Amino acid sequence: MKCNSTSLEEKITSFRQFGKTAKNGVSRLSLSEEDLQARAYFKKRCEELQMTVTIDDLGNMYALKMGKNPDLQPIVIGSHLDSVLNGGAYDGVLGVIAGLQVVETLRDENIKLEHSLLIVNFTNEEGARFDPAMMCSGILAGKFSEEKMLKVRDEEGTTFEQALNNGGMRGKKEQRLREGAGYFELHIEQGPVLDKEQIEIGVVEGVVGMVCYEINIFGQANHAGTTPMIYRQDALLEAARLMIDLEDQLLFLPEDLVFTFGRIYNAPNIHTVVPGHVRFTLEARHKDEEVLQEVRKIIQQTVEKPCKCKRTYEELWSRETVYFNSELICTVEDSAKALKKSYKKMYSGAGHDAQFIASLIPSVMIFIPSLDGISHNEAEYSSLQQCLDGVNVLLNAVYQFDCKKKSAKFYS
Ligand SMILES: [Zn+2]
């Protein structure tokens, strides 16, 4: 079974109009005017497919297509319609469009599934307007406090709760997603691996764990003209040496470890003053907890080495690897095989709603290539054929899952 390419293209073109930027990207911050327009359009498209659309108290939208057996929990297809500022036309929205395309194709093929199908648009996945990212799937999974999140403000001072109310998106708590037979999320990879290796499909086994440290270097701020080099305690130079030292050691760990010195603060940050205090972050991601343990050890031992300045470290936060459901991973893999698509099993380095939903519902993700790995950028691009491959793998995986689960129920 394959979906119609023209029909998929039409949907991608239609949805990218909402918040379209001059450079053909998308600015659709969560619950902004543009996002509200996209939401209304999504609702309209769902209703055209005889789906019932509801909203929960977090603005998450649910479109339900009833299956033959009302006793079965629904198969859920989810993603997000919001984008970052000057983002692309594929991140998030493709997964929602894919849901519509699956429902439409099944209708055209005259197939009625045993399970109901539920398409979900999660609110504020990007966290670009209201921090943090994946806010509302996180609340659903009990990872974030609802009370705290409702009070989070955007740059203009509007709270998340106000934005929900202003947009008419504050539905009922009873509508919240709580269970499902399986959760599928199709997404662009947002990294270069599939594109560089010319592989059509990523079968995603999980989302990597990460750890984030903050490191402080306390030197001595002093006059840049009168302090001879030997008498200095330059915190910035010390930070630079420490970073290189850390890099040298971390590069000995497995090569799929990624680490980043992403944020730095330098004081007093004046060209006539020797830097007296530097603070920077070191974030590392890997799927194996033992590797992250090694990272912790290296940071501790390296920062504790004697030096001219005082150095301290603190673990700001960490997140464990989320492993997706093995049965669903197999279903996606079988679907890619059946469609003769090249595929690779991989972990996601980026966060997605699926990592939180996985604690409620057996979950899996499907990736398609991103040109040059570029995303969160107007230049973000996946070809129509690549999008089509992803949707077809999703479609057939959902269909197979429906058949398998139905018979499992029958024989049990
Ligand atoms: Zn996304």
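**Close-up views of a predicted model**

Methionine 134 is found in the loop between E4 and H4. The structure shown in these views is a predicted model.

**View 1. The loop between strand E4 and helix H4.** Two residues of this loop are picked out here, proline 132 and methionine 134. The loop runs between strand E4 (117-121) and helix H4 (135-140). Aspartate 131 is joined to proline 132 by a cis peptide bond, with omega near 10°. Methionine 134 is not a glycine, yet its phi is positive, at about 55°. Is methionine 134 buried or exposed? Its relative accessible area is 9%, which is under the 20% limit, so methionine 134 counts as buried.

View 2. The bond from alanine 267 to proline 268 is cis, and its omega is near 0°. Proline 268 sits in the loop that links strand E10 (264-267) to strand E11 (273-274).

**View 3. Glutamine 198, a residue with positive phi.** Glutamine 198 has a phi of about 55°, a positive value, although it is not a glycine. The residue belongs to the loop between helix H7 (193-197) and strand E6 (201-207). Its relative accessible area is 67%, which is over 50%, so glutamine 198 counts as exposed.

**View 4. The zinc site.** Which residues coordinate the zinc ion? They are His80 and His187, each through NE2, and Asp91 through OD, at 2.1 to 2.2 Å. Along the chain, these donors follow the spacing H-x10-D-x95-H. Histidine 80 and aspartate 91 both lie in the loop between strand E3 (75-79) and helix H3 (93-108), so the pair ties together parts that are eleven residues apart in sequence. Histidine 80 and aspartate 91 are both buried.

**View 5. The largest nonpolar core, around phenylalanine 42.** This core has 89 residues. Phe42, Leu117, Leu177 and Phe184 are the members with the most contacts inside it. With neighbours within four places in sequence left aside, phenylalanine 42 is in contact with Phe15, Met61, Ala63, Leu81, Val96, Leu100, Ile119 and Asn121. Another core, of 23 residues, lies apart from the largest one. Val211, Leu257, Val278 and Ile298 are among the residues of that other core. In soluble globular proteins, nonpolar side chains tend to be buried together.

Conventions. Residues are numbered from 1 along each chain as its sequence is written. This is a predicted model: local features need pLDDT of at least 70, side-chain atom pairs count only at pLDDT 80 or more; totals for chains, interfaces and linings use all residues. Side-chain values use heavy atoms; hydrogens and water are left out. Helices (H or I, at least four residues) and strands (E, at least two) are DSSP runs, numbered from the N terminus. Buried means under 20% relative accessible area, exposed over 50%, partly exposed in between (1.4 Å probe, protein chains only). Donors are N, O and S atoms within 2.8 Å of the metal (3.2 Å for Na, K and Ca); water is not among the atoms, so sites may look incomplete. A nonpolar core is a set of buried Ala, Val, Leu, Ile, Met, Phe, Trp, Tyr and Cys residues joined through side-chain atoms within 4.5 Å. Contact means heavy atoms within 4.5 Å.
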